[in-house]
Amino acid sequence: KSFLKTHFQLMQWQDSVHSMKFLKINGNMQPDILKKAITMIKDHFTIAACTLASYDPAGDPDSNVADVGIQIMKNVGEGSE
């Protein structure tokens with residue numbers, strides 16, 4: 001497998017979470033679809049690095065976006081040795 005570096009902009013998720021209270025607006029994926037996408041990527045590539053960027057805890061009082069970020073990292077790390 002080839003190696004791949006991934007990058008997720010959490011600020012985009014923050015705008016979605018706080019304006020609609022669910023994660024599908026402005027083209028962002030719902031978490032279950034994102035998990036499927038990560039699984040598909042991992043089927044074809046080894047994820048060598050994963051960046052979660054642009055998170056502002058002040059704009060995430062209920063930690064909804066933080067939870068999405070944690071889930072992304074868990075999904076990326078599943079099955080890693």
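Which residues does Thr 51 touch, not counting residues up to four places away in sequence?

Analyst: Thr 51 touches Thr 6, His 7 and Phe 8, leaving aside residues up to four places away in sequence. Keep in mind that this is a predicted model.

Start with Thr 51 itself. Its place is in strand E2, which covers residues 45–53. Thr 51 is partly exposed, at 36% relative accessibility. Gly 69 lies 18 residues from Thr 51 in sequence. In space, the two are 10.0 Å apart, C-alpha to C-alpha.

Thr 6 is found in strand E1, residues 2–9. Thr 6 is buried, because its relative accessible area is 11% and buried means under 20%. Thr 51 counts as partly exposed because its 36% falls between the 20% and 50% cut-offs. Seen from its own side, Thr 6 touches Ile 47, Ala 49, Cys 50 and Thr 51, again not counting residues up to four places away in sequence.

Some of these neighbours belong to a wider group. The largest nonpolar core has ten residues, including Phe 8, Ile 47 and Cys 50. H3 supplies the largest share, four residues. In soluble globular proteins, nonpolar side chains tend to be buried together.

Turn next to H2. H2 has 14 residues and reaches 20 Å from its first C-alpha to its last. That is close to the 20 Å expected at 1.5 Å a residue. Leu 34, Ile 38 and Lys 42 are buried in H2. Seen down the axis of H2, its buried residues fall within an arc of 80°, so they line one face of the helix. On the other side of H2, Lys 36, Met 40, Asp 43 and His 44 are exposed.

How far can you trust the picture? The mean pLDDT of the protein chain is 78, and 77% of its residues reach 70 or more. Confidence is highest in E2, at a mean of 91. E2 is the strand that holds Thr 51. Confidence is lowest in helix H1, residues 10–20, at a mean of 56. Over residues 18–25, pLDDT stays under 50. The model has 18 contacts beyond four places in sequence for that stretch. Where pLDDT is low, the predicted coordinates should not be read in detail.

Methods:
Residues are numbered from 1 along each chain as its sequence is written. Side-chain values use heavy atoms; hydrogens and water are left out. Helices (H or I, at least four residues) and strands (E, at least two) are DSSP runs, numbered from the N terminus. Buried means under 20% relative accessible area, exposed over 50%, partly exposed in between (1.4 Å probe, protein chains only). Contact means heavy atoms within 4.5 Å. pLDDT is the predictor's confidence in each residue, from 0 to 100. A nonpolar core is a set of buried Ala, Val, Leu, Ile, Met, Phe, Trp, Tyr and Cys residues joined through side-chain atoms within 4.5 Å. The expected span of a helix is 1.5 Å times one less than its number of residues. The arc is that of the directions from the helix axis to the C-beta atoms.
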